[in-house]
Amino acid sequence: MARLCASRMQSRTTALAGLYPKDDFVGMKAEEVSFCIEDLGQLVYATFSEQDLDTKIAKRKELVEGKLGEKIAALNALLEKNGKKMSVSDELSIADIHLYAWCTLMTSGWLDGIPTDLFAKHGKITECCKAVAEHPKVIAWNEARAAASN
């Protein structure tokens with residue numbers, strides 16, 4: 001099975017799968033959330049090129065305690081303000097897939113210096129990710145990927 005990794009590719013694929021909101025305003029809210037996630041990612045991705053592990057961990061700790069932590073709190077507040085079951089509506093959307101994928105990566109333990117409980121105090125982000133993980137389409141997708149990798 002071929003594997004691809006690119007957030008814009010995810011956007012196109014989820015849009016084709018019917019996960020782009022049909023309402024224009026909700027679509028703009030989905031883009032807002034997705035761009036916030038991309039901004040958060042850029043902060044962390046900037047540490048990938050650091051070769052010294054201790055320095056990389058220190059930089060990531062500084063991010064978590066500073067700019068990254070602040071921006072995660074702002075994203076959580078935005079999701080709370082949206083007041084929906086998922087990130088921008090009560091239906092699964094592209095923004096939810098972006099949020100779920102990014103949060104899964106950030107808390108996977110794969111990134112030295114990023115705590116696996118990064119979102120523990122951000123209830124709405126955690127709630128949205130849980131709802132995505134429990135969505136039948138996501139469960140089926142995850143199961144298909146697990147079966148293909150065996």
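1. Ser-87 sits in the loop between α4 and α5. The model is a predicted one. Ser-87 has 0% relative accessibility, so this residue counts as buried; the cut-off for buried is under 20%.

2. What does Ser-87 touch, leaving out residues up to four places away in sequence? The partners are Val-33, Leu-79, Asn-82, Ser-93, Ala-95, Asp-96 and Cys-128. Take Cys-128 from that list. Ser-87 and Cys-128 are separated by 41 residues in sequence, yet their C-alpha atoms lie 6.2 Å apart.

3. Helix α2 (residues 24-45) holds Ser-34. Its relative accessibility is 3%, and therefore Ser-34 counts as buried. Setting aside neighbours within four places in sequence, Ser-34 contacts Ile-94, Ala-95 and His-98. Ala-95 is also among the residues that Ser-87 touches.

4. Now the surface. Tyr-45, Phe-48 and Trp-110 make a nonpolar patch of about 340 Å². Trp-110 belongs to the loop between α5 (94-106) and α6 (123-133). Is Trp-110 buried or exposed? Trp-110 counts as exposed because its relative accessibility is 58%, and the cut-off for exposed is over 50%.

5. Last, a helix pair. Two packed helices are described by the angle between their axes and the distance between the axes. Helix α3 (residues 53-65) packs with helix α4 (residues 67-82) at an angle of about 40 degrees, and the axes are 3 Å apart. From α3, Glu-62, Leu-63 and Val-64 make the contact; from α4, Lys-67, Leu-68 and Gly-69 do. By class, that contact has 3 nonpolar, 1 polar and 2 charged residues.

Definitions and conventions:
Residues numbered from 1 in each chain as written. Predicted model: local features only at pLDDT ≥ 70, side-chain atom pairs only at ≥ 80, totals over all residues. Heavy atoms only, no water. Axes fitted to C-alpha atoms, helices over the stretch in contact; angles between N-to-C directions. Helix = DSSP H or I, 4+ residues; strand = E, 2+ residues; numbered from the N terminus. Contact = heavy atoms within 4.5 Å. Nonpolar A, V, L, I, M, F, W, Y, C, P; charged D, E, K, R; others polar. Buried < 20%, exposed > 50% of the residue type's maximum accessible area, 1.4 Å probe, protein only. Patch = residues over 30% accessible without salt bridge, like charges linked within 9 Å, V, L, I, M, F, W, Y side chains within 5 Å. Areas by Shrake-Rupley, 256 points an atom, 1.4 Å probe, with all protein chains shown as cover. Salt bridge = Lys/Arg side-chain N within 4 Å of Asp/Glu carboxyl O.
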